[in-house]
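The stops below cover its pockets.

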Amino acid sequence: MQKRTIQRCLIMALAMAIFATANTAFAVTGNHQAKAIIDSLYGGNGLAPINDLIVEMDCTDSDSKTGQLMLSSKDKVYFKAPNKLRVDTIIQDPGGPLDQRQAIIIRDGVTMWHYLSTGQYPVKKKPDTPSPTNNLPFNIQRYPIDETKSYEFGQQRLIEGVQTREIIIKNPQDAKDERHIFVDTARRVPMLMEFTRHDGNNAQQVTVEYGSFNKLSDGRYFPFLIKIYHDGKLDKVRAFKGVTINVGLDDSFFNHMSGMLNQPTR
């Protein structure tokens, strides 16, 4: 009797171990497949990864006084993998003191500098946090912390007639850092991103819509329109006028600048 009881216990323990192993394998597989979808964005079918990128865009922002969307700047954005970023801005503020002035922001993954054509030295310098800009499509900028995050499948959602696959990305170092990305897996582009931005005790719901997908010269799809909503209200629009990739940008382009900015001629 005792022998049979021991055998039953051993069989149950073995079954539970097999079940646990199967569940772990499923979780790892699901995690791997979900991350693979994110890693394949803007690529696939033998296309080279995006090593650098130049985007020209019109930036429209909600006016703080009227709430109306108004053209705020014309930007030229330079990116080099994995996370170097430079933004050359011509400020649009008719009648204002900074109208048609030039501003430049440089992020090299360690430090962020902010320059204005009204001064000789950076007006702002601070650490460059591992947080990608929403002015470029999701997963263009990448950071080492991205490799520590978990990736899992969520629901499917029909967006503008396209059946998308939801990928939930969680940060083990910050329980509040969770993003929901809805991907068009056929064209390998994100169509929607949802997350909550926390600032102290305040929380703000952020929704980023991607649209106007065009084929670049090498055949990959790329969004030419980004709409950013804060708590359900459209707050920013980024309309791309031109996109070129893999042009061979040099690292020196993202170096700290010295001297006074020249006034733009355009």
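The second largest pocket has a volume of about 560 Å³. A pocket here is an open set of points on a 1 Å grid over the protein atoms alone, where a 1.4 Å probe fits and protein lies on both sides within 12 Å along at least five of seven lines; lining residues have an atom within 4 Å of a point. Points are joined across faces, edges and corners, and the volume is the space filled by probe spheres set on them.

This is a predicted model, in which local features need pLDDT of at least 70, side-chain atom pairs count only at pLDDT 80 or more, and totals for chains, interfaces and linings use all residues. Residues are numbered from 1 along each chain as its sequence is written, and side-chain values use heavy atoms, with hydrogens and water left out.

Select Pro130, Ser131, Lys149, Asp177 and Arg179: of the 23 lining residues of the second largest pocket, these are the closest to its centre. Next, colour strand 8 (162–171), strand 9 (174–184) and strand 10 (189–199), the elements that give two or more residues to this lining. Strand 9 has the largest share, 5 residues. Strands are DSSP runs (E, at least two residues), numbered from the N terminus.

Now move to the largest pocket, with a volume of about 1200 Å³. Select Asp61, Ile105, Asn135, Lys236 and Arg238, the closest to its centre of the 42 residues that line the largest pocket. Finish on strand 2 (69–80), one of the strands that each supply at least two residues of that lining; strand 2 gives the most, with 6 residues.

Key:
Helices (H or I, at least four residues) and strands (E, at least two) are DSSP runs, numbered from the N terminus.
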